[in-house]
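Me: I have a structure to work through. Let me ask about it step by step, and please end each reply on the answer.

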Protein chains: 2
Amino acid sequence: MWGVPRVSEDHLTARREQILAAARACFLRKGLHNSSMQDLIKEAGLSVGAVYRYFKSKDEIIAAIAEGVVSGISQQIDEIAARRLPLVDSLGLLLEVIDTQLSPDGALPIAVQIWAEATTDPAIGAIAHARYSALRTSVRALVANAAESGELPPEADVDEVNSAVFSLIPGYALQRLLIGTPEREAYLRGIRALITP
Amino acid sequence: MWGVPRVSEDHLTARREQILAAARACFLRKGLHNSSMQDLIKEAGLSVGAVYRYFKSKDEIIAAIAEGVVSGISQQIDEIAARRLPLVDSLGLLLEVIDTQLSPDGALPIAVQIWAEATTDPAIGAIAHARYSALRTSVRALVANAAESGELPPEADVDEVNSAVFSLIPGYALQRLLIGTPEREAYLRGIRALITP
DNA sequence: GTGTCAAGAACGAGCGTTCGTTTTAGAATG
DNA sequence: CATTCTAAAACGAACGCTCGTTCTTGACAC
């Protein structure tokens, strides 16, 4: 027969999240591959056996983190798009979201590590592909709004323009992560000057 | 009397480059941390001792690769800037350069791995900072040209605009690496539509 | 008893690195 | 030119250690 669950399902997902949170903390501090299982087991305050009950390998933990790393950002972009503001204003709000994720406990430093992993590990590559596409699709709504409100040339292709607009997001994040500049407002002024010459 | 170099200096730098080339090949295939010293020693066709004569640790090899990974690109950007073409035309040429570096043996897949390492390793972080800044400065010449030839609003700040323009380069590279799109020409049309509305 | 769940000792594999030894290049010598 | 000599260069077995993972054990709820 099947055993009756000893603990609530909430407890189980909470444990899972506890492990993932510990893993994120370790990966942020030491990187995906310089964090040992022992590191993140200790960080989670659990035992080896407990962790291996919820994830059957380190790769599975990495994959789970890759799955979740930008889901919050996607949501927030959708909310911004729903407000149907002018393109540059939307981008301003979007950059605010990015700024909150640039901190040492934000999603973006881990996202960069996932990208690196994606270039050599097909399983992570597939996840990164899916998540990055989803982000790109969320931003597309901003560009579609701009096209409808006449901010773009009538013959402009929304997908093509979106490729360029979307670049501004990881481009900003990478500059901030690697060289610390520019400030959000300065970056926004740069965009404004570029797109309305 | 005293010993003189037993082999030519060319031989020594050639050996060094042989090791770095092998390391690049391994890192491309398996990533920085999933490539063992034995992997890249075998790839180089040398012995353990030979490799450790030229580099005193794996970290030193990684640092050496980080130093050199985008130097070729910087040069090519400078050449494009010297031609003083309209901004979008320069970007077109620049994207051609990027395309050549996107292939599985190009510099960019390794650059992404370096970025990831930079977020957790201060030594690599400093190198990445320097190299990324240099790239950004090279692109700045393109924007400065555009400002001089009246392609930008007179009050535009070149550095601020450059932050935005520069984003278009890693932004393109990341989209190509992670999701395979867009084509260069489509991307360029998107930029054109965005900046001349 | 019969099952789940957690604990942590134990394991083999593989890691980066060291080091004593062998080979080799080429100047010195006659 | 032939030989000797020596430090540089290359070699690769061996080392200590840490890795990710498995397995045995037992506590606790039915």
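Me: What area is buried between chain B and chain A?
Reply: This is a predicted model, and the area is computed from it. Carbon and sulfur atoms give 70% of the buried area. The total between chain B and chain A is about 4,100 Å².

Me: How many residues of chain B are in contact with chain A?
Reply: Contact here needs heavy atoms within 4.5 Å. On the chain A side, 53 residues take part. On the chain B side, the number is 53.

Me: Which residue of chain A forms a salt bridge with B:Glu160?
Reply: The count between the two chains is two salt bridges. In one of them, the closest N and O atoms are 2.8 Å apart. The cut-off is 4 Å, so that distance qualifies. The partner of B:Glu160 is A:Arg189.

Me: Which element gives the largest share of the side of chain B that touches chain A?
Reply: Elements giving two or more residues to that side include helix 1 (9-30), helix 8 (122-148) and helix 9 (158-179) of chain B. The largest share is 15 residues. It comes from helix 9 of chain B.

Me: By class, how many nonpolar residues does that side of chain B have?
Reply: Take the other classes to begin with. The side of chain B that touches chain A has seven charged residues and 15 polar ones. The nonpolar residues number 31.

Me: Why does the pair of A:Trp115 and A:Tyr132 tie together parts that are apart in sequence?
Reply: A:Trp115 lies in helix 7 (residues 107-118) of chain A. A:Tyr132 lies in helix 8 (residues 122-148) of chain A, so the pair ties together parts whose separation is 17 residues.

Me: What class does the pair of A:Tyr172 and A:Tyr187 fall into?
Reply: A:Tyr172 is in helix 9 and A:Tyr187 in helix 10 of chain A, 15 residues apart. Their ring centres are 4.9 Å apart, with the planes at 40°. That makes the pair tilted.

Technical notes. Residues are numbered from 1 along each chain as its sequence is written. Chains are lettered from A and ligands numbered from 1 in the order in which they are written. This is a predicted model: local features need pLDDT of at least 70, side-chain atom pairs count only at pLDDT 80 or more; totals for chains, interfaces and linings use all residues. Side-chain values use heavy atoms; hydrogens and water are left out. Buried area is the accessible area (1.4 Å probe) that two parts lose on being put together, summed over both. A salt bridge is a side-chain nitrogen of Lys or Arg within 4 Å of a carboxyl oxygen of Asp or Glu. Helices (H or I, at least four residues) and strands (E, at least two) are DSSP runs, numbered from the N terminus. Ala, Val, Leu, Ile, Met, Phe, Trp, Tyr, Cys and Pro count as nonpolar, Asp, Glu, Lys and Arg as charged, and the others, Gly among them, as polar. Rings of Phe, Tyr and Trp (its six-membered ring) pair if their centres lie within 6.5 Å; planes under 30 degrees apart count as stacked, over 60 as edge-to-face and the rest as tilted.
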